[in-house]
There are 2 protein chains.
Amino acid sequence: MNQPDKEITIYDIAKKLNLSAATVSRGLKDHPGININTKKRILEAAAEMGYSSNSFASNLRSKRSNIIGVIVPRLNSIFMSDVIAGMEQVVNDAGYTLIIGQSLESVQKEAKNARAMFSNRVDGLLVSLSYDTTSIAHLEPFIKRNIPVIFFDRVFEHKQCPNIHIDNFKAGYEITQHLAQQGCKRIMHVSAPHQKHVYADRLNGYKAALADNGLAFTDELLLANDLSAKAGVETAHHIVNMAERPDGVFVSNDACAVACMQTLKKAGIKIPEDIAVAGFNNDPIACVIEPNLTTIDYKGYEMGEVAARVLIGHLVNNYDLLLTHSLILRHELVVRDSTRKIN
Amino acid sequence: MNQPDKEITIYDIAKKLNLSAATVSRGLKDHPGININTKKRILEAAAEMGYSSNSFASNLRSKRSNIIGVIVPRLNSIFMSDVIAGMEQVVNDAGYTLIIGQSLESVQKEAKNARAMFSNRVDGLLVSLSYDTTSIAHLEPFIKRNIPVIFFDRVFEHKQCPNIHIDNFKAGYEITQHLAQQGCKRIMHVSAPHQKHVYADRLNGYKAALADNGLAFTDELLLANDLSAKAGVETAHHIVNMAERPDGVFVSNDACAVACMQTLKKAGIKIPEDIAVAGFNNDPIACVIEPNLTTIDYKGYEMGEVAARVLIGHLVNNYDLLLTHSLILRHELVVRDSTRKIN
DNA sequence: CTGTTAGCGCTTTCAG
DNA sequence: CTGAAAGCGCTAACAG
């Protein structure tokens, strides 16, 4: 019953056209030096017979997959889905397909994903690292084989791997500086565990701005958690119970900042009068919370596009070694009412 | 320079162990009837030599790819990224990988994605259709070859394709009924163009509820747009300019509903007193807007998991024909202040 | 339990 | 400009 009809191969169309398979294979690509006419006949026959090239055979032979792997901490955030959307666009236009894995912030799962992608022989890898990744040993197989690995957002310094990210130090500095200019004297920073560059950089920017504004940094001004909404609620409780409350808080993402604001408001704390709050990412919720949230805007979609473009550039130019560099994308401090104490 | 070291094959490890390639191949899988000891030796040698199976060769031979394709309208919404996250989880645990394409609401791009997935010989397809898809001719190649195609959320009736979605009629009915119970007499409905089942069903539920509550339906109560935030702003302007304004609005997604609310509020309209507003999806923003938005909650993550599980069930059982059925997932009306007129 | 053999469908020299 | 032939790495009969 329902016999899955046999696959149509280049041999079938070769036979029909009295050509060799080799010629058909060439005709199907834009191989130089093939009669324009036979090429046309081949294309027509292929269309008519419902031919669809078998990528396995092709990949096996040519040792290229036209597949690009992406590994991200989590898929379900607005930022990350913007990134992926941008990548998908660029990559598809260039004739590649995307395969996607999420690490759920675990190195183990990151490594598992990497193995799967390796055995799928991806032509390149786009990676944003999980919180608890401290070594990239699991990516060495790619690097050894000169399969380009490009880090974006949560990056890692490696001489063969381009990094694409924003200037997190500067962003952290700017937002803290802004809080200081609004009159904040005691500015807290809420962030993720800091081994990872993005968060470490934002923290350093924050500290530098404190120093430049003559404000002291003490350990109790620093809170580390997973930046989830839940963590935002807990942060707010923590703040409410502090002996000496801050008058400004810089949270390293918007979801957490917003949850924190909501909880602070419920506790009767006025924002920004009592405590000014700033976030990071410019998530859509930043414009829905009241007062609207001051934050750092940077474009996930653009980051995805750029990362994909860099990768494809490497693929097309077929470099033996990757050019090593960092690409710093634009960001912008967006001031909204959640921090406007004066004016 | 930097000679990409030669690929290690089962032959290499066969030679080293004085075995045949076939045995090695078997040892690497959990093939029944292979000496536990040789299997152990094979596994060890493989690990030691840094062997990584070549999926192309394997796929070419076995005619299975262990790849599952997903095509969605857009990646960048909370709902969709939840769905994908759920799928990724299930699919990975079952040893498959996900390749992803987005149609950007265009049939052309949907078809292009489908072709790419076909030539990547996906083992199955998970699809949520674009707005302007009215025929699924571009998916026929899969169906003809008994490659399972499963629709979720934006589904399509086809005797060979399971559908996974919520009861949109019921949800539309419930939300409208709720508005009526709050005393609304003139309830608008804002939705996407209605050929697609989800929206058609919600519309029909809405109409049924109007009828059951003795409320008249007129064409001016219905507004069709793309349900973006921008469309929400326009909707609000439209409402403000209506000769006879509604006292309740049921918008078919939260992003649009929230933007609409914000704009109405700016125009001095009180929510819910003047106009009650309800959304759909239970996006995080629903709990951030003030007053909080009444909406329909249903779980994207769960929908992704279920869709993936159904697909994998089909794959594992190797049905010649797909069992045909619809799977209706739970939803829930979540009442919040944006519609609480009485209480 | 293990080996032999024969391809999967395509690309790529090397010859014409 | 086209053809012949070889083989990418693996798996699936079929034997033993």
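This is a predicted model: local features need pLDDT of at least 70, side-chain atom pairs count only at pLDDT 80 or more; totals for chains, interfaces and linings use all residues.
1. The buried residues of helix α6(B) are B:Glu110, B:Asn113, B:Ala114, B:Ala116, B:Met117 and B:Phe118.

2. After the helix comes B:Arg121, with a positive phi near 50°.

3. Next, the contact between the two protein chains. On the chain B side 42 residues take part, in contact with 42 residues of chain A. The elements of chain B that give two or more residues to this side are α4, α5 (78-93), β2 (97-102) and α6 (107-119). Of these, α5(B) has the largest share, with 7 residues. By class, the side of chain B that touches chain A has 20 nonpolar, 15 polar and 7 charged residues.

4. How are the two copies related? The same surface serves both copies, since 100% of the contact residues of chain B recur in chain A.

5. The overall form of chain A deserves a comment. Chain A has 12 helices and 12 strands. Its radius of gyration is 26 Å, whereas the globule rule gives 20 Å for 343 residues; the chain is therefore more spread out than a compact globule. Along the principal axes, the C-alpha trace of chain A spans about 85 × 40 × 40 Å.

6. Two further figures describe the packing of chain A. Of its 343 residues, 48% are buried. Among contacts with a separation of 6 or more, 75% are between residues 24 or more positions apart.

7. DNA strand C has 24 residues around it, and those that come nearest are A:Thr9, A:Ala22, A:Ala57, A:Ser58 and B:Ala22. Both chains contribute elements with two or more residues here, namely α2 and α4 of chain A and α2 and α4 of chain B. The largest share of this surface is that of α4(A), at 5 residues. The surface near DNA strand C is made up of 9 nonpolar, 11 polar and 4 charged residues.

8. DNA strand D is likewise surrounded by 24 residues, the closest being B:Thr9, B:Ala22, B:Ser25, B:Ala57 and B:Ser58. Elements giving two or more residues to the surface near DNA strand D are α2 (21-28) and α4 (55-62) of chain A, with α2 (21-28) and α4 (55-62) of chain B. Here α4(B) gives the most, with 5 residues. By class there are 10 nonpolar, 11 polar and 3 charged residues in the surface near DNA strand D.

9. Helix α9 of chain A (residues 197-212) can be checked in the manner of point 2. At 1.5 Å a residue its 16 residues should span 22 Å, and because the end C-alpha atoms are 22 Å apart, the two values agree. Its buried residues are A:Val198, A:Tyr199, A:Asp201, A:Arg202, A:Leu203, A:Gly205, A:Tyr206, A:Ala209 and A:Leu210. What covers them includes β5 (163-166), α8 (168-181), β6 (187-191) and β8 (248-251) of chain A. A:Gly214 follows the helix and has a positive phi, near 70°.

10. B:Thr295 sits in strand β10 (residues 295-297) of chain B. Is B:Thr295 buried or exposed? It counts as buried because it has 30 C-beta neighbours inside 10 Å, where 20 or more is the requirement. Beyond its neighbours within four places in sequence, B:Thr295 is in contact with B:Asp254, B:Ala278, B:Gly279, B:Phe280, B:Asn281, B:Asn282, B:Ala286 and B:Val334. B:Leu28 is 267 residues from B:Thr295 along the chain, and their C-alpha atoms are separated by 51 Å.

Terms used. Residues are numbered from 1 along each chain as its sequence is written. Chains are lettered from A and ligands numbered from 1 in the order in which they are written. Helices (H or I, at least four residues) and strands (E, at least two) are DSSP runs, numbered from the N terminus. The expected span of a helix is 1.5 Å times one less than its number of residues. A residue is buried if 20 or more other C-beta atoms lie within 10 Å of its own, exposed if 12 or fewer, and partly exposed in between; C-beta atoms are placed from the backbone. Two residues are in contact if their C-beta atoms, placed from the backbone, lie within 7 Å. A residue is near a molecule or strand if its C-beta atom, placed from the backbone, lies within 6 Å of it. Ala, Val, Leu, Ile, Met, Phe, Trp, Tyr, Cys and Pro count as nonpolar, Asp, Glu, Lys and Arg as charged, and the others, Gly among them, as polar. The radius of gyration is taken over C-alpha atoms; the globule rule is 2.2 Å times the number of residues to the power 0.38.
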